Amino acid sequence: MPGGAVIVHGTADINRIEAPVTMKAYLICAFAAFGGIFFGYDTGWMSGVLAMPYFITQYTGLPNPPASDTAAVAAFHLSARDQSLTTSILSAGTFFGAIIAGDVADFIGRRLTIILGCLIFTIGCIMEIASTSLGLMVPGRFIAGLGVGFISAIVILYMSEIAPRKVRGALVSGYQFCITIGILIANGAVYSTKYRNDTGSYRIPIGIQFVWALILALGLFFLPESPRYYVKKDRLDDAAKALSSVRGQPIESEYIQDELAEIIANHKYEMSVIPNTSYLGGWANCFTGSIFNGASNLRRTILGILLQMMQQLTGINFIFYFGNVFLTSLGTIHNPFLISILSALINTLCTPLAFYAVDKWGRRTLLIWGSIGMITSQFIVGIVGVTAGKLDAHNNPAVSSMIAFIMINVAIFSFTWGPVAWVSIGEIFPLPIRSRGVGLSTASNWMWNCIIGVITPYLVGTAKGDANLGAKIYFMWGSLCGVSLAFSYFLVPETKGLTLEQVDRMLEETSPRTSSKWVPHSTFAADMGLVDKIPGSSTEVVQVEANEKSIV
Ligand code: BGC
């Protein structure tokens, strides 16, 4: 209703009763979380396809050698350069996709941006399937990556903006759960087609991805837009409708009126602090303020970028990307592929623990204890690896204990750093920079994912010039988890149970170490002077002009 006055009844009472969490809210978020399947599946299929005999012959021209010709078997693979290119080009695409997506999501909305991501992804996927050489495969993977970048950043933004505060952590953790399911399905798909002697060996696993794109894009047509996007666009009547739809309550109910008033007031407040709305000014806003001020945009942007960087530096993808090669190098493992599937399975089965833990114990607690658990398990793997588990010791029980601790490490990651890094980046940014902040943080995840994918083979490689770290690489990952422990303890605030608007206030008034004790004490609607008590009544009225410049 541009130009008209929208009356929203707000309240100054921070103890107001909130809308009950409906089944609909769960279902909407569960559906959006489906975007995680792309992420997991797309990172999961490449390493299996690179090892397929038919694919190698098709892409290199080398004939499939008989098992007796050991020299030819050893040389039967894509060159290291081509392997690195095909694997990392996806992360390059996702990096740019995640950065661009933030702006697109502010322009056309969160929902349409995810649908657009599915479309771009489908184009990339068609190119990958059509390809019979790297000439088409590499650009195809880059374009598919752009689509995954759109989806991975904006699904988090969308879910964080529509989920009710009390279960937001659990619902956003559903996204991580879908990532793990995607990795698992990809492992199963490449396992079942890897010995086919036709193009179906790689085209079938790649083609399965169309299904994810189709389901997500079609489903999103029927889901509501984020009410916070409408507030940002000054479309307050649409915001009211969208909020009423996601909360399952009538527009005129107190629940919807109060929550909307708070979102509007918070946005007005943020826009008064961050007034620059030009394109470049908007980007510059992500980096304004002092690094020492916990609520400054610069501090939040750095926090989001570091959270995703530290998640990657826990070393989790070492086992998902290079598990086969590493486990083989331990000497006594006969079927490393099955152990890789086992790690993917443990990853999936343990993630749901986060559904309970993230909103019960909090984000900060999980990150701190997750780091401690991962330091311990990774150091044990390293210590056993350089002593009893050494290759020439041929000590099966020692190698088994290393594998057990590698699995424990995966289990700990799966309900701590895995989901919490995503939950937190959806919560720490104020609305004016939220889409860009989430995009930048997601891009950081992909950048570090790519860096690890490119350098790790050289760290554990045995060729001349390689570092040949073997199990010692676990000392490196364990030490990096030590850095994540310090990072979580000193820099990560507790955001559980607060509305996104209360998070804003909490960041202003606390330090990360005192944040978990903070309790909301006033509403933005009251602080912004938008609440007028009607004499003789308990009703308060917030009146907002829909075309007010300050809300645009
Ligand atoms: C990480 C991925 C990782 C996956 C494993 C995600 O949160 O960002 O890099 O492969 O978890 O489950």
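Which helix does Leu-243 lie in? That would be H11, spanning residues 236-247; helices here are DSSP runs of H or I with at least four residues, strands are E runs of at least two, and both are numbered from the N terminus.

Before going further, keep in mind that this is a predicted model, where local features need pLDDT of at least 70, side-chain atom pairs count only at pLDDT 80 or more, and totals for chains, interfaces and linings use all residues. Residues are numbered from 1 along each chain as its sequence is written, and side-chain values use heavy atoms, with hydrogens and water left out.

The pLDDT, the predictor's confidence in each residue from 0 to 100, averages 86 over the protein chain, and 91% of the residues score at least 70. Residues 533-537 fall below 50, and beyond near neighbours in sequence this stretch makes four contacts in the model (contact means heavy atoms within 4.5 Å).

Back to Leu-243: its relative accessible area is 0%, so it counts as buried (under 20%; exposed is over 50%, partly exposed in between, with a 1.4 Å probe and protein chains only). Setting aside neighbours within four places in sequence, Leu-243 touches Pro-227, Ile-256, Glu-259 and Leu-260.

Now for the ligand. It has 15 residues around it, with Gln-176, Gln-311, Gln-312, Asn-317 and Asn-347 the closest (near means a heavy atom within 4 Å). A polar side-chain atom of Gln-311 sits 2.8 Å from a ligand oxygen atom, while for Asn-445 a side-chain N or O atom is 3.0 Å from an oxygen atom of the ligand.

Terms used. Polar contact = N/O pair within 3.5 Å; in protein donor to acceptor, adjacent residues only side chain to side chain.
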